[in-house]
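Reader: I'm new to this structure and would like a close look at one part of it, the surroundings of a ligand. Could you walk me through that spot and then show me what the rest of the protein looks like?

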Amino acid sequence: MYLSPPSLPQTPLCLAALITNTFSYSFPGNGNLVFNAIHSSMRQWGSSLNHNGMSFFLATVPEGTELYHGDWRSNPIKGPEWLAFEPEHALVFTHPFPHNPPPKDGRPQPPPPLQLQQVAGKLNQAEDGFLHTFAAAKDLRLLYVDGMSAGKTHNGTMDSQDYILFLNELGDGGGGMFDEMARARLFCQMVQEKWDGRLDGMLRMEAGFEIILCDFARDLEALRVTRVRASEQGKPGDQIGQHAGEMWLPAVASRYWSIGGDRVILNYEHFLTAYLYELDLFSEGGNLPRLKHVPPDQLERMRRDLDALIMNHEPNELSVNWQAVADMVVERYGNRLRYLASGQASTLRQLQQEIEDALSPFIDYDQRNSSVEVERCSAQFVRQSTTVTSVAGGAVLSVSRSVCATLLEALDYTDYHTVVNQIQGLIDYLSWTAWKDCNGCGDHEICMIPMWPMGTVDDYNHPQCRDFSRLNGDGPRYWGGNPRRRMSALPLSF
Ligand SMILES: *[C@@H]1O[C@H](CO)[C@@H](O)[C@H](O)[C@H]1NC(C)=O
Ligand SMILES: *[C@@H]1O[C@H](CO)[C@@H](O)[C@H](O)[C@H]1NC(C)=O
């Protein structure tokens with residue numbers, strides 16, 4: 001195995017500059033953020049916490065995969081339209097806006113956000129719609145926009161779509177942020193006019209993963225259309241949408257750590273991330289990147305690279321599964337690092353003993369050599385046959401080296417607090433989402449975090465196990481809006 005650093009533009013070191021010790025391998029900055037994008041890809045958990053996605057991947061959904069569409073109509077769906085991976089997610093859309101007359105073609109138009117509450121009231125009289133169950137008729141070729149990219153928020157969840165993919169073309173007039181049908185149509189038009197029909201749709205996430213598929217008749221086999229269970233909404237004492245949420249959130253939370261069943265396969269070898277362009281993504285402060293304030297001309301190069309990615313690469317190209325490698329690193333070191341920083345080890349000697357336990361497999365005690373030891377430690381999970389030439393491989397190796405080098409260096413320190421501070425600095429740099437997990441909830445609970453349109457500020461800062469019957473916590477809503485409205489806004493796609 002050898003390393004050839006990716007030939008990429010030099011970037012300003014944003015968060016990457018936080019610790020500056022012996023990180024020998026020079027990935028061009030932001031290795032931690034690229035690592036986390038790979039680790040969180042296609043996962044409800046990490047993509048909800050790091051909800052402002054900055055990356056685009058080519059994705060395949062294998063032929064035969066079952067997919068779901070909820071609708072007030074029972075007749076065949078043409079598309080562009082929406083598909084969910086979990087039926088409970090699609091079911092949320094079987095009762096939409098019955099008193100809004102449907103337009104001649106397409107879905108009923110969502111009301112402007114201000115009217116949402118009134119519309120929610122009308123839902124009480126909703127007629128029960130239909131669940132359309134499909135199977136992919138071929139391997140679907142999709143563009144995956146990462147993060148919570150289907151979350152209709154002002155918080156940056158749609159930045160990469162609206163400022164890179166759609167080049168601001170949607171404007172803010174008309175439906176603005178909520179004009180999802182315009183996004184779907186524009187995407188499918190771009191597939192034909194710009195990308196030679198090389199994609200079938202777009203893959204995004206809100207509370208649940210979804211596909212915007214351009215041509216239902218061509219790409220899906222319709223398995224069945226079934227009438228849904230009579231709505232319980234409007235029963236005395238039932239919160240609007242309460243029961244829907246009880247089914248919906250546990251279903252999507254079961255995909256916190258994997259979409260499961262290889263239902264989506266990403267091409268990690270060739271993907272695009274805004275973290276590797278010279279962009280000031282954190283000008284607003286905080287740890288969530290934004291593209292809103294980046295001058296459009298600075299996004300030009302990334303737009304061209306996105307076209308090139310789609311035109312020159314196939315979603316199903318042979319690719320190392322770099323997420324699996326990232327998992328090995330997180331699982332080997334995640335708990336250990338948290339323990340080391342916790343102060344539970346009582347003496348310096350005990351602390352360093354723990355650290356050495358982790359490193360000793362990579363040490364030849366006849367012949368100490370720290371650079372060799374770091375190299376062995378960080379390459380542990382990369383197959384010998386793999387030549388690391390990709391951005392993903394470079395980022396995963398750069399993060400492994402940060403971990404291995406920091407631990408090895410800590411063996412030489414002579415002061416307990418210096419060791420703990422060093423480990424804490426590493427933890428802050430890594431920001432692994434696994435550290436926010438509740439670590440096990442009851443059978444009728446989930447570890448609740450904000451998943452648009454649900455969630456509170458407290459859910460984000462201190463995720464807790466919550467029973468299915470009280471998933472909507474009290475207090476300020478994470479995505480804004482009225483704190484008294486329990487389901488903060490109704491989802492508008494599907
Ligand atoms: C450590 O190993 C590297 C690579 O084999 C070698 O170049 C270097 O001289 C060694 N350092 C020491 C101190 O032996
Ligand atoms: C998201 O945006 C809304 C509307 O601007 C705001 O009220 C809310 O505080 C934001 N949430 C976060 C986490 O920034």
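Author: Let's start at ligand 2, which is surrounded by His154, Asn155, Tyr478, Trp479 and Gly480; a residue counts as near if one of its heavy atoms lies within 4 Å. Keep in mind that this is a predicted model, where local features need pLDDT of at least 70, side-chain atom pairs count only at pLDDT 80 or more, and totals for chains, interfaces and linings use all residues. Residues are numbered from 1 along each chain as its sequence is written, chains are lettered from A and ligands numbered from 1 in the order in which they are written, and side-chain values use heavy atoms, with hydrogens and water left out.

Back to the ligand. A polar side-chain atom of Asn155 sits 2.5 Å from an oxygen atom of ligand 2, while a backbone N or O atom of Tyr478 is 2.8 Å from one of the ligand's nitrogen atoms. Of the 360 Å² of accessible area that ligand 2 has on its own, the protein covers 48% (areas come from the Shrake-Rupley method with a 1.4 Å probe; for residues, only the protein chains shown count as cover). Sorted by class, the shell has two nonpolar, three polar and no charged residues. Here Ala, Val, Leu, Ile, Met, Phe, Trp, Tyr, Cys and Pro count as nonpolar, Asp, Glu, Lys and Arg as charged, and the others, Gly among them, as polar.

Now for the protein around it. It has 494 residues, and 55% of them count as buried, meaning under 20% relative accessible area (1.4 Å probe, protein chains only). The largest nonpolar core has 134 residues, and Tyr333 and Trp432 are among those with the most contacts inside it. Such a core is a set of buried Ala, Val, Leu, Ile, Met, Phe, Trp, Tyr and Cys residues joined through side-chain atoms within 4.5 Å. Helix H13 (residues 391–410) gives the most to this core, 12 residues; helices are DSSP runs of H or I with at least four residues, strands runs of E with at least two, numbered from the N terminus. Leaving aside neighbours within four places in sequence, Tyr333 is in contact (heavy atoms within 4.5 Å) with residues including Phe362, Val403, Leu407 and Trp432.

One last stop is Leu291, in the loop between strand S10 (272–273) and helix H9 (300–312). Leu291 counts as buried because its relative accessibility is 0%. Met54 is 237 residues away from Leu291 in sequence, yet their C-alpha atoms are 8.5 Å apart.

Note on methods: A polar contact is a pair of N or O atoms within 3.5 Å; within protein, one must be able to donate a hydrogen and the other to accept it, and residues adjacent in sequence count only if both atoms are side-chain atoms. Buried means under 20% relative accessible area, exposed over 50%, partly exposed in between (1.4 Å probe, protein chains only).
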